[in-house]
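Keep the view open as you read.

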Amino acid sequence: MERRFEKELEKLKANVLRMFDSVDLSLRASIDAVLLNSQDHITQVFDIEKTINAMELEIDNGVVDILALQQPVASDLRLILAILKINNDLERIGDHAVNIAQSAERLIKTPEREPLLEIPEMAKHALQMLTDAIHSFKELDAQQAQKVLEHDDAIDTMNRNLLAEVAQLIKADQTTIEGNMEIARISRNLERVADLTTNIAEEVIFYLQARFVKHHATEEKK
């Protein structure tokens, strides 16, 4: 029974890494859709969404199955609980990638190309956070997870700055409302991606160190 449990746990971890890869691909495609004004990348995001949703169900079912095998020891139970939460966060990141792609699709239809403002830099930070989160889970690296936490405040600041800039642009020219509102939506979705990726890093630290952490780096250093 113990060997079967270990085999099922390894399968569960492997499925989470596959989920990470699909979500990473979807987020990158959604960002390329915005930066490149690309309908092909929009279609790619919509296609990947189906895979992500199917994988979420597979992982959830895997968690139920493995808990039915036996009562896991504390460290294994922490890992299983972390996987359950990470799975949910990854699926939600996939949803935000779809939201970004939908905004990109609407931007293509606007009369003029609106300035992207902080979007490219926010996207760069969000992708790096997800990459670091993937590495921290795969390599069981708490220091890499901590790096994710340190990016979150920067994205929050950029989101606030962008929303203020958008408000000024709309005030100056109300014909730009439609396009600028999509820029604001993209910013908000990237900010939520950062929050969810931070949650993932917190779960990795919880599994490895059996402690809960605040997602603000300044609080963590106290």
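**How the helices pack**

Helix α4 passes helix α6 in a left-handed crossing, where left-handed says that the near helix is turned anticlockwise from the far one by less than a right angle. Helices here are DSSP runs of H or I with at least four residues, numbered from the N terminus. This is a predicted model, in which local features need pLDDT of at least 70 and side-chain atom pairs count only at pLDDT 80 or more, while totals for chains, interfaces and linings use all residues. Residues are numbered from 1 along each chain as its sequence is written, and side-chain values use heavy atoms, leaving out hydrogens and water.

Stay with this pair for a moment. The axes of α4 (residues 119-139) and α6 (residues 177-209) come within 9 Å and cross at roughly 20 degrees. An axis is a line fitted to C-alpha atoms, for helices over the stretch in contact, and angles run from 0 to 180 degrees between N-to-C directions. The two helices are therefore roughly parallel, a label for angles under 35 degrees, whereas those over 145 count as roughly antiparallel, 65 to 115 as roughly perpendicular and the rest as oblique. Their contact (heavy atoms within 4.5 Å) includes Met122 and Phe137 of α4 and Leu190 and Val204 of α6. By class, 15 nonpolar, four polar and one charged residues take part. Ala, Val, Leu, Ile, Met, Phe, Trp, Tyr, Cys and Pro count as nonpolar, Asp, Glu, Lys and Arg as charged, and the others, Gly among them, as polar.

Now turn to α1. Its 35 residues (residues 2-36) should span 51 Å at 1.5 Å a residue, and its end C-alpha atoms are 51 Å apart, which agrees; the expected span is 1.5 Å times one less than the number of residues. Just after α1, Asn37 takes a positive phi of about 55 degrees.

Which way does α1 run relative to α2, parallel or antiparallel? Their axes cross at roughly 160 degrees and come within 9 Å, so α1 and α2 are roughly antiparallel. This contact has 19 nonpolar, eight polar and six charged residues.

α1 also packs with α4, at an angle of about 170 degrees and with the axes 11 Å apart. That pair is therefore roughly antiparallel too. Among the residues in contact are Phe20 and Leu27 of α1 and Leu127 and Ile134 of α4.
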